[in-house]
Structure formats: structure tokens, C-alpha cells
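Open the model in your viewer and keep the selection panel at hand. This tour goes stop by stop, with what to select and what is there.

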Amino acid sequence: MKSHEQRDLFPGALEMMILRTLKRQPLHGYALAQHIKRTSNDLLQIEEGSLYPALQRLLKVELVKAEWGISATNRRVRIYKLTAAGAKHLEREVSRFERMLEGITRVLARGES
Amino acid sequence: MNWLKQLFSRRRLYGDLTEEIREHLEEKKEELVRNGMSRKDAESAARREFGNVTLVEEDSRSVWRWPSIESFLSDVRYGLRTLSYNSSFTIVAILTLALGIGANTAIFSVVYAALIRPLPYAQPSGLITLSEVRPQDGQAGQSSAPIWVSSYPDYLDWTKQSKSFQSLAGFSGDAFTLYGAGEPELVFAAQTTINFFSTLGVKPYLGRDFAAGEDIAAGPKVAILTYGCWMRRFGGDPQILGRSIRLDDKSVSIIGVLPRDFEFAPRGNAEVWVPLHIEKDLVTRRSLRWMPVIGRLAPGITPQQAQAELNSINASVAAAYPQENGAIQIVMVPLRNRIVGQVEPLLLILFGAVGFVLLIACANVTNLFLVRAAGRRREFNIRAALGAGRARLISQLLVESLILAAAGGLLGLVFAQWGTSMLIAAIPETLLTFTPFLRDAHPNLAVLAFLCIAVIFTGLAFGLAPALQVSHGRESEVLKEETRASAGGVRARLRSTLVIAEIAFCLVLLIGSALMVKSLTALLDRNPGFDTQNLLVFAVNLPATSYPKDPDAVRFDKEFTDRLSKIPGVVGVTSNSVVPLTGGGNSIRFVIEGQPVATGHENECNIRDISNNYFSVMRIALRSGRLFDDATDLDTAPKHVIVNEAWVKRYLHGEDPLGKRIRFTYSPKEPFREIVGVVGNTADAGLDSNDEASLFLPFSQDANSFINYVVRTAGNPVNALGGVRSSLRAVDPQLVVIQPFTMDQIISQSPSVFLRRYPSYLIGSFAGLALVLAIVGLYGLISYSVSQRTRELGIRIALGAQQKDVLRLVLGEGARLTLIGVLLGLAAALGLTQLMRSLLFGVSAIDPLTFVSAAIVLALVAIAACYIPARRAMSTDPSATLRYE
């Protein structure tokens with residue numbers, strides 16, 4: 001039962017991308033999905049729906065907050081915004097991720113030479 | 001309180017989510033349309049890219065909950081809803097389970113009170129009973145009440161020499177006429193060594209324990225009351241301590257009151273506890289074995305070490321007193337076994353039998369569930385299609401079954417409470433007095449824990465099979481209409497297996513109950529060796545102060561007997577030191593003239609002191625020789641004895657007993673006594689007792705102070721009781737009529753009858769319940785199978801099958817299941833009835849007639865149950881069924 005939608009990502013990756021995107025500007029769900037898709041050049045296979053459970057998780061631990069508003073296309077939408085805690089969490093997660101990536105890269109590079 | 005806020009705001013959250021997702025899809029669709037896609041394609045593309053909407057919503061929501069609890073709660077809500085849709089199924093299932101769980105809980109309450117609950121003493125596992133037995137006597141004389149006696153001098157030697165026991169205490173039954181608390185009345189009492197209560201670890205609720213020097217005086221000077229006695233007879237008087245009462249002819253001061261929960265089953269009827277007060281022979285004679293002894297093992301000592309030490313003490317005592325102790329062995333039995341030993345097998349058998357009922361109930365509900373699950377296949381397939389995982393479906397079904405089990409458990413608790421009080425009420429008061437622990441049978445924490453375990457067990461037992469079956473639903477078949485024609489497959493096989501098991505269990509119970517009923521009938525039909533009709537039995541106790549010598553007792557007996565004989569309706573009056581069927585009594589060692597035996601290894605048999613007219617009033621057969629008579633057997637006449645057939649068989653091996661002489665060995669001054677008559681055997685200890693060797697002396701030559709009278713009447717013996725009371729008052733107003741009972745009452749309340757009647761009724765009702773459940777199960781299975789095969793039957797009939805072919809087809813299916821069940825049941829019963837052998841009387845545990853007739857009855861009922869659906873199958877209208885579908 002545990003989130004099938006993450007099968008191509010490591011746990012927490014989707015949340016990290018959401019936080020990063022929201023850091024740039026508050027967005028509603030649909031825009032958020034489109035942005036992540038576009039930015040990743042469709043390299044990542046993400047079902048749009050999988051965004052919502054992730055957003056609920058972030059809402060629950062108050063890393064983001066949401067408000068109903070009107071979108072650019074004049075729709076009633078729920079706009080997600082990064083909280084201060086969310087910004088801090090993102091920073092920490094990114095630096096951890098970078099360190100992890102560095103480690104992995106080194107091992108992979110060593111293996112090749 | 002964040003979680004609390006979340007809990008309340010959740011409904012809004014969920015609403016938000018649904019709306020948000022809908023907006024998302026709309027926006028997507030609009031964009032796709034803007035990019036030139038048709039509206040219809042856009043719709044499905046949007047959904048495709050989004051993924052499973054229901055699942056996303058569910059996953060999103062699950063973020064907000066305690067997932068397992070909440071999905072459990074939603075399962076519960078859903079389960080309650082579906083169960084209430086199908087109320088007849090629900091009611092049948094709950095009732096079935098409530099009966100099963102209730103019956104089990106009721107029996108468990110009793111089992112807990114008797115067998116599991118520790119005895120109410122400090123560290124009860126350290127309490128041991130000690131008894132002296134002579135292996136050469138076997139269990140003779142005591143077949144229904146295992147021997148538990150020792151002599152006082154031996155007890156003193158153990159106390160002095162043994163290091164294995166922290167303390168050793170003795171006790172004995174007693175009875176007094178109590179004066180000073182309302183009308184003079186007989187109260188049962190117990191006399192104990194002064195360390196009795198401290199050995200048990202019981203402290204008085206009020207006042208003090210016995211103190212050193214208070215025992216072995218000329219009589220009791222102090223007494224401790226039970227809580228019940230204090231309340232009942234003294235109104236709970238707070239000034240009770242120091243108050244003076246009269247017991248028989250002695251003034252006694254009350255020094256204590258026992259705790260409310262104090263019980264001591266071996267003297268369960270004792271209301272007054274006094275220090276040991278014995279005199280003369282009882283103090284000094286080693287061959288008088290009358291006192292049960294309990295001991296508390298010293299810390300760190302094992303029973304084996306204690307036994308080894310006792311054996312060596314016993315050996316040295318035997319060396320010093322070969323005449324008295326030469327053939328004696330000391331037997332140690334845990335106190336618990338002495339107390340609950342007799343009811344243990346009975347209770348375990350009942351517990352096992354009632355467990356079968358629960359299994360059958362579970363099998364039945366499982367079958368109901370399987371049928372219902374089959375009908376709900378579509379529902380589950382749809383749920384699977386909508387994204388419900390297998391685990392979720394299984395948990396849904398398990399939750400439903402647990403709801404049913406819990407409801408059954410709740411109702412079962414009501415049944416259990418009711419059942420437990422019925423179970424206890426069905427025990428005769430006289431027996432309950434000596435099994436006080438059974439009064440404690442009521443729902444308590446342990447019983448509730450058992451109930452919960454039973455509920456979970458049953459819930460899982462009947463929920464698991466359907467749950468696993470349903471989850472077999474292949475997702476490829478999603479939404480397909482269930483194929484109708486076939487009744488085969490795994491599910492049908494499982495259902496058949498369950499019905500077979502039900503029939504097998506049911507047969508075991510039927511056979512068990514039939515064996516019990518047969519035992520009861522055989523027992524009640526047993527000729528106890530005398531005519532039990534119209535007998536009134538009671539006792540009179542002559543206090544030593546008014547009747548110091550034997551001739552005083554003889555004089556009383558004569559005068560009282562004369563008065564009794566004049567009561568209208570009385571046709572005979574007689575007495576014996578032991579009334580047949582009531583047990584107890586003394587034994588004596590003797591030698592037969594011309595048969596020398598080693599010192600200490602003399603024969604020992606029952607000795608009874610009887611009125612001269614005893615055998616004629618009791619209508620006990622005279623086999624040879626003569627009876628005692630008033631002319632010949634005067635107190636001064638030469639000493640004669642009468643023996644019974646068992647005595648002749650055991651000691652004379654077919655020789656002619658008349659004219660042979662025996663001598664009692666307790667004193668060298670004892671004369672030889674000639675055997676003048678042989679009488680038939682009587683069942684002494686109870687209807688199930690073996691014939692015991694007994695010899696009889698005339699009362700005039702061997703008087704007692706405690707006399708059992710037997711009055712034979714023309715009509716109902718109860719009517720003579722008033723006359724008996726006034727006769728006794730006329731002879732001596734100080735005396736009371738002790739324990740008047742008719743012989744019929746004695747029989748119906750006797751342990752031997754109870755031990756058969758009780759399980760007869762109980763296992764009988766269990767078997768009846770099991771029969772109904774199993775037959776309902778079989779009927780349900782066959783009906784269902786017929787309804788599933790309507791099409792097949794229609795085709796058969798259309799192709800020319802006759803009604804009798806259809807009948808044979810349907811009955812054949814039922815008969816096949818029944819036959820397999822009956823065979824398995826017979827095999828199981830062969831093994832299981834062995835376990836109840838100790839309760840059977842006059843019937844073998846594998847009595848072929850019982851086995852076969854129970855099997856035939858079950859088979860006939862089963863076939864009859866199948867006949868109803870078979871009739872329905874016969875009247876199948878082929879055209880109607882073929883048009884269907």
C-alpha cells in the first residue's frame with residue numbers, strides 16, 4: 001500500500017522538489033505539477049496525482065501551508081506556500097542530498113577508473 | 001493538542017482535497033483542449049496522467065490519520081453497515097456464537113474457580129498432605145474418599161523429628177450442640193492442632209489464633225468462628241470476642257473470627273473451630289488412624305527430599321512399633337490435589353466437551369460466512385478494481401467476523417453469567433459445602449480474559465477462511481458476472497470439510513453423553529444390597545457427661561427405639577455406626593484362628609456396630625447362619641460376629657465361615673469371636689463403591705456415642721420426622737436430631753450420583769446443541785448446493801432424469817458427508833471416551849451398542865435434514881430453470 005508513486009524516486013525526493021519549487025514562488029497543485037515536469041524535462045516519471053499525498057504530508061508537519069485563492073486562469077485554487085520551517089528543512093535536506101550525491105558520484109567514478 | 005485540532009478539521013480537509021483534485025483535472029483538461037485535443041480525449045488523457053484518483057485521495061487522507069486504527073474504524077463502520085443489511089444472517093451468527101462462547105465461559109468460570117485459582121492460603125504450593133496407608137489394604141474401605149489419616153502419636157513423631165517441614169498440623173471433624181446463640185442447634189465444627197491456621201497462613205479477621213497449651217485439654221475452652229457463623233448466629237456482634245457460649249456441655253469462650261474468604265474444603269461444613277481435644281486411646285494408640293495432617297514444606301525443600309526424610313522417620317518408628325506401624329507407608333499428596341482432585345476430571349471433561357460445541361459453532365458460522373462471501377464476490381471485485389489492496393479486503397472481512405464474535409461474546413457473557421449460576425445451583429448443597437471454592441465461580445478478570453480470547457479465536461477461526469478465499473478473486477475476472485452453474489471449487493470443498501467436522505464432533509458428544517446417561521442409569525439401577533424405599537436416616541450424638549459408659553448408651557438406644565417404633569407409619573427402627581451409601585466408618589485389624597500372620601501385617605476390614613434387627617429392617621439378605629437376636633446376643637453373652645460375603649471371599653477363599661473364630665489384635669485381652677452368620681454385601685461408600693469386606697458386632701456389645709438411626713416407614717418417610725423429633729425430646733430434651741435425610745435424598749445428593757448426573761445433563765445438552773448446529777450446517781450446505789445446481793438439475797430433468805434420480809443425487813451428497821463425518825467421529829470417540837473412563841459406571845468406554853446407536857441416530861437425523869432440500873430439488877421446473885440466465 002505504501003506510495004506506489006515513489007517507485008522511481010528515493011523517499012523524500014518528491015517532497016524536496018516540491019519544497020524547492022515552492023521556495024521560488026507559491027503555487028497551486030496543478031501549476032506545481034507542471035513546473036516539476038517541465039523543469040525535469042520529463043526525465044522523471046511522476047504521476048500528477050502523486051503530488052497530493054506528498055503535499056498532505058508536508059501540510060501535516062507544517063513545512064508548507066495552503067490557502068484558497070484565485071489563479072491566473074481565474075480558477076479557485078489552493079495555493080501552497082513554503083513556511084519558515086519548510087525553508088530550513090529544505091536547506092538541510094538539500095545539503096544532505098548533495099553530500100550523499102557526492103559520495104555516490106565518487107564511488108561510481110572510482111569504479112570506472 | 002495539534003492532533004485534536006486535526007481530528008476535528010479533518011472533514012474540511014478531505015472536502016478541500018476532493019475539490020482540489022477536481023480542479024486539477026479540470027485545469028489539465030482545459031489546457032489539453034486549448035492545445036487542440038478533443039474534449040473526450042482530453043478527459044481520459046488527464047485521468048491517465050493523474051493516476052488513480054480514488055487511490056490518490058485515499059493515500060492523501062491516510063496521511064492525516066493513525067492509519068491502522070482509522071482504517072480499522074472505517075472497516076468497523078462498514079462492517080456494522082453490511083451486517084445490519086443482512087439481519088437474519090447476523091442474528092443467526094451472533095446467537096450461535098453467543099451460545100458457544102457463553103457455554104464455554106460458564107464452564108471456564110467453574111474451571112477457574114476450582115482448578116486455576118490458587119487456594120486461598122499463603123504460598124499454597126508449599127502445602128502438602130500426609131497420610132498413613134497400608135499397601136496391603138489397597139484402597140479398601142475408602143474407594144470413593146481417598147485415605148487421608150494418621151495416628152496422633154505418629155504425627156507427634158513426625159513433628160519432632162522432621163526438618164523438611166516448617167510446620168505440621170492435624171485436624172478432624174467435630175460437631176456440637178451449640179447453646180447461647182438462639183435455639184440449641186447442632187453445628188458442625190472442626191478441631192485442630194493449635195498451629196493449623198498458621199500452617200495455612202491464615203490470620204483471624206478478629207481476635208487471635210489458638211495459643212500453645214490450648215489443645216489436648218479435657219475439651220475445648222476456646223473457639224474461633226467462621227465469618228459466616230459470626231454473621232448468621234451472632235448477628236456480626238462486634239463484642240463477640242470473649243463472649244461465652246456452650247458447646248455440648250462445655251463452656252467455651254470465643255477468641256477469634258476467621259476472614260470472610262476463609263475456606264477449607266475438607267471441613268467445608270465447619271462453622272466453629274476449636275483446638276484439638278482428644279483423650280485416652282486417641283492420644284496414645286498408634287493403630288488408631290483418624291487425623292488428617294497437613295504440612296508446609298520448609299523453604300528450599302523439595303517434596304522428594306521431604307518424602308525421603310519421612311521414609312526414614314517412618315522406618316525407625318516401624319522398627320520401634322512393629323505391631324502398629326510395621327506395614328505402614330506415608331503418602332504425600334499436595335493439598336490442592338486432595339481438595340480439587342475429585343472434581344478435576346469431571347471439570348476437564350466438561351471443558352473439553354463444551355470446547356467441541358464452540359468448534360461446531362465456529363464451523364457453522366464459517367459456513368454462513370462462506371455463503372455470504374460468495375454472494376459478495378461482486379462487491380469485493382469492485383472494491384479491488386477501485387484500488388483496495390488484498391490486505392485491506394482481508395482485514396475488512398476479519399473485522400466483520402470480529403464484530404460478530406464480539407457481539408456474540410457480549411451476549412455470551414450474559415448467557416455465561418446465567419449459565420454459571422445454573423451450573424452451581426445444580427450442585428447439591430451437601431456437596432457444595434465440601435467444595436466451597438465452586439461458590440466463587442463468577443465472571444472475574446480471568447474469566448473476562450478467557451472470554452476475550454474466545455472471541456478473538458472464534459472471530460479469526462470463522463473469519464480467516466472466507467477472507468483468504470475472497471482474496472483469491474483474480475483481478476482479471478474483475479466485474480465479470482459470477483459463473484453460476486458450478487458449485488464446485490475450493491470454497492465448496494472447504495464447506496463440505498467443515499460440515500464433516502461438525503458431524504464428527506457432534507457424534508463424539510452424542511456418544512459421550514450416551515455413555516454418561518448409561519452410567520447414570522446403571523448406577524441408579526444398581527442394587528445397593530438393601531431396600532432403599534421409605535427410609536429415614538438421622539443421627540444422635542450422646543455427650544460423654546450424660547452418657548459416660550456403654551450401658552448408658554445402650555439404655556438410651558433401647559428407650560429411644562421403643563418410642564420411635566410407636567410413631568404411626570413406622571414399620572421398623574434400627575441403627576448402625578455407618579449408614580450404607582454414606583461412607584466413612586472405622587476399620588479393625590484381626591487374625592483368623594489358625595491363620596498366623598506376621599506382626600503388623602494382620603488383615604484389616606470395616607467394623608460396624610448394629611442393632612440386632614439391622615439386617616431385617618434394612619432387608620439385607622442372610623446368606624447362611626443366623627442374625628443377631630435379643631435373646632442370645634446380650635452384652636454379657638459370648639462374643640459373636642456376622643460377616644458379609646465380600647469378607648468371606650477375601651479372607652476365607654471359599655472355606656465355610658460358620659464356626660470359624662477371629663480375634664481383634666489391638667489388645668491381647670481381646671477374646672476370640674465366632675462367625676455366626678453371613679449376609680449380603682451393601683454398597684457402603686456410595687452406589688459406585690466396590691464390595692468391601694465388613695464385619696458386624698451387636699450394639700449391645702460395642703456401643704457408640706454417635707448413633708445413626710434408620711427408620712423404615714409405610715409411606716413417605718419425611719412424615720415421620722416430626723414424630724422422631726418429639727420422641728427424642730421426650731427421651732432427652734438436650735439432644736438434637738442430626739442431619740435427617742431420606743435415603744432417596746442421600747442417593748440423589750451423593751457424590752457418586754452427582755458425578756454421573758451432572759455430566760449426563762451437561763454433556764447431554766452440549767450434544768443436543770451440537771446436533772442442532774451440525775444438522776443446520778448440513779441442511780444449509782445441501783440447500784445451498786441445490787440452489788446452485790438448479791440449472792444442472794433442470795437439464796438433468798429435461799434430459800429425462802426421474803424424480804428418484806434427483807432425490808438420490810441430492811441425498812447421496814448429504815449421505816456421503818454424513819458417512820465420512822460419522823466414521824471420523826467414531827474414530828475420534830474411540831480415543832476420547834477413554835478420557836472419561838473414571839466417570840463411567842457399568843459401561844465400557846468403547847461400548848459398541850452406544851457407539852453404533854449414536855451413529856445411527858445421527859445419520860438418520862442427517863439424512864432427514866437433507867430430505868427437505870432434496871424434495872425441493874425434485875420439484876425443479878426444467879423450463880423455468882433453463883430460461884433463467
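Helices (H or I, at least four residues) and strands (E, at least two) are DSSP runs, numbered from the N terminus. This is a predicted model, in which local features need pLDDT of at least 70, side-chain atom pairs count only at pLDDT 80 or more, and totals for chains, interfaces and linings use all residues. Residues are numbered from 1 along each chain as its sequence is written, and chains are lettered from A and ligands numbered from 1 in the order in which they are written.

**Stop 1: chain A**

Select chain A. It has four helices and three strands. Along the sequence they run α-β-α-α-β-β-α. Colour by burial next. A residue is buried if 20 or more other C-beta atoms lie within 10 Å of its own, exposed if 12 or fewer, and partly exposed in between; C-beta atoms are placed from the backbone. Of the 113 residues in chain A, 31% are buried.

Now contacts. Two residues are in contact if their C-beta atoms, placed from the backbone, lie within 7 Å. Take the contacts in chain A between residues at least 6 apart in sequence: 54% of them join residues at least 24 apart.

**Stop 2: a helix pair in chain A**

Select residues 13-24 and 51-60 of chain A, which are helices α1 and α3. Two packed helices are described by the angle between their axes and the distance between the axes. Axes are lines fitted to C-alpha atoms, for helices over the stretch in contact, and angles run from 0 to 180 degrees between N-to-C directions. Here the axes come within 10 Å and cross at roughly 75°. Angles under 35 degrees count as roughly parallel, over 145 as roughly antiparallel, 65 to 115 as roughly perpendicular and the rest as oblique. α1(A) and α3(A) are therefore roughly perpendicular to each other.

Show side chains. From α1(A), pick Leu14(A), Glu15(A) and Ile18(A); they meet Ala54(A), Leu55(A), Arg57(A) and Leu58(A) of α3(A). By class, this contact between α1(A) and α3(A) has five nonpolar, no polar and two charged residues. Ala, Val, Leu, Ile, Met, Phe, Trp, Tyr, Cys and Pro count as nonpolar, Asp, Glu, Lys and Arg as charged, and the others, Gly among them, as polar.

**Stop 3: Glu62(A)**

Select Glu62(A), in the loop between α3 and β2 (64-70) of chain A. What is its phi near? The value is near 60°, positive in a residue other than glycine. Most residues other than glycine have a negative phi. Glu62(A) is partly exposed, with 13 other C-beta atoms within 10 Å.

**Stop 4: where the chains touch**

Show both chains. In the contact, 19 residues of chain B meet 18 residues of chain A. On the chain B side, the elements giving two or more residues are α1 (2-34), α2 (39-50) and α3 (53-63). α1(B) gives the largest share, eight residues. The chain B side counts seven nonpolar, five polar and seven charged residues.

**Stop 5**

Colour chain B by domain, using bounds from an automatic or database domain assignment. The assignment gives domain 1 (2-65), domain 2 (68-120 + 341-482), domain 3 (135-327), domain 4 (499-526 + 750-885) and domain 5 (543-734). The C-alpha centres of domain 2 and domain 5 of chain B lie 59 Å apart.

A nonpolar core is a set of buried Ala, Val, Leu, Ile, Met, Phe, Trp, Tyr and Cys residues joined through C-beta atoms within 7 Å. The largest one has 220 residues, and Ile503(B) is one of those that touch the most other members. Beyond four places in sequence, the contacts of Ile503(B) include Ala774(B), Leu817(B) and Leu858(B). Another core, of 29 residues, lies apart; among them are Ala54(A) and Leu55(B).

**Stop 6: two loops in chain B**

Select Asp248(B), in the loop between β6 (244-247) and β7 (250-257). Its phi is positive, about 50°, although it is not a glycine. Is Asp248(B) buried or exposed? Asp248(B) is buried, with 20 other C-beta atoms within 10 Å.

Finish at Phe530(B), in the loop between α18 (489-525) and β11 (535-541) of chain B. Phe530(B) is buried, with 23 C-beta neighbours inside 10 Å. Ala683(B) is 153 residues away along the chain, yet the two C-alpha atoms are separated by 8.7 Å. Not counting residues up to four places away, Phe530(B) touches Pro580(B), Met618(B), Arg619(B), Ile620(B) and Thr682(B).
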